[in-house]
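Please look over the sequence and the model below before reading on. The paragraphs that follow lead through it step by step.

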Amino acid sequence: MPTPHKTSPAEQRAEDARRAVEDAIWAPSVHNTQPWRFGVRGSRISLRADADRRLDVADPDGREMIISCGAALYNLRLGLRALGHEPEVTLLPDPDRPHLLADVEIGRSGPADEHTRRLHAQVPHRRSHRGAFHAEPMPAAVLSAIRQEAEREGGRLIQAVDAHVAGALAALTDAAEHIQRRTPAYASEVARWAPSPGTRRKDGVQHAAYPKQTNRTEPHFPGRDFARGQGWGIQSPPDAEGAREDGMPLPGVVVLLVSAGDTPADWLRAGQALQAVLLRATEHGFSAAYHTQALQVPELRAFIRTHFCGDAYPQLLLRLGVPDMQELTSVRRPVQDVLTEET
Ligand SMILES: Cc1cc2nc3c(=O)[nH]c(=O)nc-3n(C[C@H](O)[C@H](O)[C@H](O)COP(=O)(O)O)c2cc1C
């Protein structure tokens with residue numbers, strides 16, 4: 001009788017690394033570009049930015065590309081911790097290789113704590129929302145827990161409590177959206193990452209990921225023009241009104257995720273803070289809608305920083321709330337397309 005194969009520690013590590021990368025790829029990324037590559041060698045996982053997937057027009061410095069990779073790094077760490085490891089992370093380990101964003105040593109073993117287990121359980125459920133929100137207010141305790149997640153990862157949330165601040169951020173988003181729609185280079189970049197229905201691609205923002213029409217909120221934060229006048233998108237049910245008392249759909253809690261500096265290390269931290277915030281929000285039944293248009297226009301980003309961020313740097317503009325429509329869906333490339341097992 002053949003002896004059953006006993007998994008060696010090295011095989012177990014390789015399997016755990018692969019499972020953690022499975023978690024990592026479910027991070028959000030700008031236009032679902034999935035701008036990451038992972039390499040596994042022994043007990044080390046490396047995360048690299050895939051610069052071919054950077055948005056050359058909207059994101060020439062790679063800020064949003066690196067934020068996206070930071071979100072994936074958070075999931076990678078969380079996945080390893082959920083498997084009982086204690087990952088040790090070195091950000092940007094080699095100044096001569098700026099695309100090498102992090103080296104992660106899988107680390108010693110120990111049981112996963114409750115916080116890890118709860119957040120990890122949310123990884124498959126987190127989805128970006130594009131539209132209005134229901135009237136449920138966010139309980140103060142939830143907002144406070146979400147803020148703490150951001151801070152634990154080196155980020156900070158600034159909430160637009162004042163209606164004039166929320167109004168100004170909405171107006172700046174609107175201005176940026178107009179600028180981007182009338183600038184052919186921006187518009188064709190969005191088109192490149194918003195394939196038509198029926199595509200076989202496993203990246204980009206596909207028509208099942210956005211509604212055909214969105215409820216106008218007050219103030220109104222316009223979404224991206226993924227459908228480009230083609231009528232694409234999911235039909236929302238007629239009763240999907242995120243109404244408040246007077247019938248006007250709600251924008252939700254408007255927050256800026258900010259960082260102390262504006263270097264690639266800060267962007268990586270902001271991405272990790274983003275993902276921690278999103279998973280904690282998901283745990284409590286809240287989703288996020290993103291409006292990064294104004295932060296992609298350098299003059300508008302500088303304006304937002306000066307007026308609303310003190311000394312900090314704005315990295316993301318989000319609305320948080322309970323979605324007013326069914327879950328939107330998203331796609332990912334298979335793990336084998338982004339993972340190299342190095343010998
Ligand atoms: C840095 C960053 C910027 C983003 N900006 C926008 C945006 O302006 N508008 C939008 O609808 N979604 C935005 N998103 C969300 C992505 O489109 C979304 O994560 C991606 O399509 C994958 O879908 P999922 O988050 O539902 O898994 C952004 C995500 C990241 C990480």
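How many residue pairs are in polar contact between domain 1 and domain 2? The count is 17 residue pairs, both residues at pLDDT 80 or more, where a polar contact is a pair of N or O atoms within 3.5 Å; within protein, one atom must be able to donate a hydrogen and the other to accept it, and residues adjacent in sequence count only if both atoms are side-chain atoms. The model is a predicted one, in which local features need pLDDT of at least 70 and side-chain atom pairs count only at pLDDT 80 or more, while totals for chains, interfaces and linings use all residues. Residues are numbered from 1 along each chain as its sequence is written, and side-chain values use heavy atoms, with hydrogens and water left out.

The division of the chain comes first. Domain 1 takes in 9-126 together with 334-341, and domain 2 covers 140-321, with bounds that come from an automatic or database domain assignment. Their C-alpha centres lie 23 Å apart, and 37 residues of domain 1 are in contact with 39 residues of domain 2, contact meaning heavy atoms within 4.5 Å. Between them the two domains bury about 3,200 Å², of which 62% is on carbon and sulfur atoms; buried area here is the accessible area (1.4 Å probe) that two parts lose on being put together, summed over both. In domain 1, His31, Arg63 and Ile67 lose the most area to domain 2, together 22% of what that side buries.

Charged pairs also cross this interface, where the rule finds 3 salt bridges, a salt bridge being a side-chain nitrogen of Lys or Arg within 4 Å of a carboxyl oxygen of Asp or Glu. Side chains of opposite charge can pair when their charged atoms come close. Arginine 77 forms a salt bridge with glutamate 153, the closest N and O atoms being 2.8 Å apart. On the side of domain 1 that touches domain 2, the elements giving two or more residues are H2 and helix H3 (114-120), and the largest share, 12 residues, comes from H2. Helices (H or I, at least four residues) and strands (E, at least two) are DSSP runs, numbered from the N terminus.

Arginine 77 itself is found in helix H2, which spans residues 63-82. Is this arginine 77 buried or exposed? Arginine 77 counts as buried because its relative accessibility is 14%, given that buried means under 20% relative accessible area, exposed over 50%, and partly exposed in between (1.4 Å probe, protein chains only). Leaving aside residues up to four places away in sequence, arginine 77 touches Pro87, Val89, Glu153 and Gln272.

Strand S1 (residues 36-41) and strand S2 (residues 44-49) pair in the antiparallel sense over 6 bridges, and two strands are taken to pair if DSSP finds at least two bridges between them. S1 and S2 form a hairpin with 2 residues between them, and glycine 42 in the turn has a positive phi of about 60°. Within this pairing, valine 40 has isoleucine 45 in S2 as its bridge partner. S2 also pairs with strand S4 (residues 100-105), in the antiparallel sense over 5 bridges, and arginine 44 stands opposite glutamate 105 in S4.

The side chain of arginine 44 meets that of aspartate 103 in a salt bridge (3.6 Å, N to O). Arginine 44 lies in strand S2 and aspartate 103 in strand S4, so the pair ties together parts that are 59 residues apart in sequence. Arginine 44 counts as partly exposed at 38% relative accessibility, whereas aspartate 103, at 12%, counts as buried.

The structure holds 20 salt bridges, one of which joins arginine 18 to glutamate 341, with the closest N and O atoms 3.8 Å apart. Arginine 18 lies in helix H1 (residues 9-24) and glutamate 341 in strand S9 (residues 339-341), so this pair ties together parts that are 323 residues apart in sequence. Arginine 18 is partly exposed, with a relative accessible area of 29%, and glutamate 341 is partly exposed as well, at 48%.

Another salt bridge joins glutamate 149 and arginine 280, whose closest N and O atoms are 2.6 Å apart. The pair links distant parts of the chain, with glutamate 149 in helix H4 (residues 140-152) and arginine 280 in helix H7 (residues 264-283), 131 residues apart. Both glutamate 149 and arginine 280 are buried, and they belong to a network of salt bridges that links Arg118, Glu149, Arg152, Arg280 and Glu283.
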